[in-house]
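Visitor: I would like a close look at a single part of this model, described in order and with the cut-offs stated.

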Amino acid sequence: MEDRFISMAELPDRLGICERSVRYLRERGEFPQPRQITKQRRGWLLSEVNEWMRARPVVGGLEVRR
């Protein structure tokens, strides 16, 4: 698969979380940082985003949240 840059606008749909959550994860160092594409534009490498998604913990069993 060929790598490409994706924008912040694409991240929420790809990840299933809102833009605010992406920013929160970035601030905590829990999400890849964007790369400088041009002077005015930043983006994420799709491969790094996919790697982050694959590294998320698997949830199993019947956990009850209280």
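Through how many residues does a hairpin join β2 to β3?

Guide: The hairpin joins β2 to β3 through five residues. The model is predicted, so local features need pLDDT of at least 70 and side-chain atom pairs count only at pLDDT 80 or more, while totals for chains, interfaces and linings use all residues. Residues are numbered from 1 along each chain as its sequence is written, and side-chain values use heavy atoms, with hydrogens and water left out.

Strands (E, at least two residues) and helices (H or I, at least four) are DSSP runs numbered from the N terminus. β2 and β3 run antiparallel and are joined by two bridges; strands pair if DSSP finds at least two bridges between them. In this pairing, Gln 36 stands opposite Arg 42 in β3. β3 is also joined by two bridges to strand β1 (residues 5-6), again antiparallel, and here Ile 6 stands opposite Trp 44.

Trp 44 leads on to the aromatic residues. Rings of Phe, Tyr and Trp (its six-membered ring) pair if their centres lie within 6.5 Å; planes under 30 degrees apart count as stacked, over 60 as edge-to-face and the rest as tilted. The structure holds two aromatic pairs. Phe 31 and Trp 44 form a tilted pair, 6.5 Å centre to centre with 55° between the planes. Phe 31 lies in the loop between α2 and β2 (35-36) and Trp 44 in strand β3 (residues 42-45), so this pair ties together parts 13 residues apart in sequence. The rings of Phe 31 and Trp 52 have centres 4.8 Å apart and planes at 75°, so that pair is edge-to-face. Trp 52 is in helix α3, 21 residues from Phe 31.

Phe 31 and Trp 44 are both buried, where buried means under 20% relative accessible area, exposed over 50% and partly exposed in between (1.4 Å probe, protein chains only). Phe 31 has 5% relative accessibility, and Trp 52 is buried at 15%.

Ile 6, Phe 31, Trp 44 and Trp 52 are among the 11 residues of the largest nonpolar core, a core being a set of buried Ala, Val, Leu, Ile, Met, Phe, Trp, Tyr and Cys residues joined through side-chain atoms within 4.5 Å. Its largest share, three residues, comes from α3. Val 49, also in this core, touches Ile 6, Leu 11, Arg 14, Leu 15, Phe 31 and Trp 44, not counting residues up to four places away in sequence; contact means heavy atoms within 4.5 Å.
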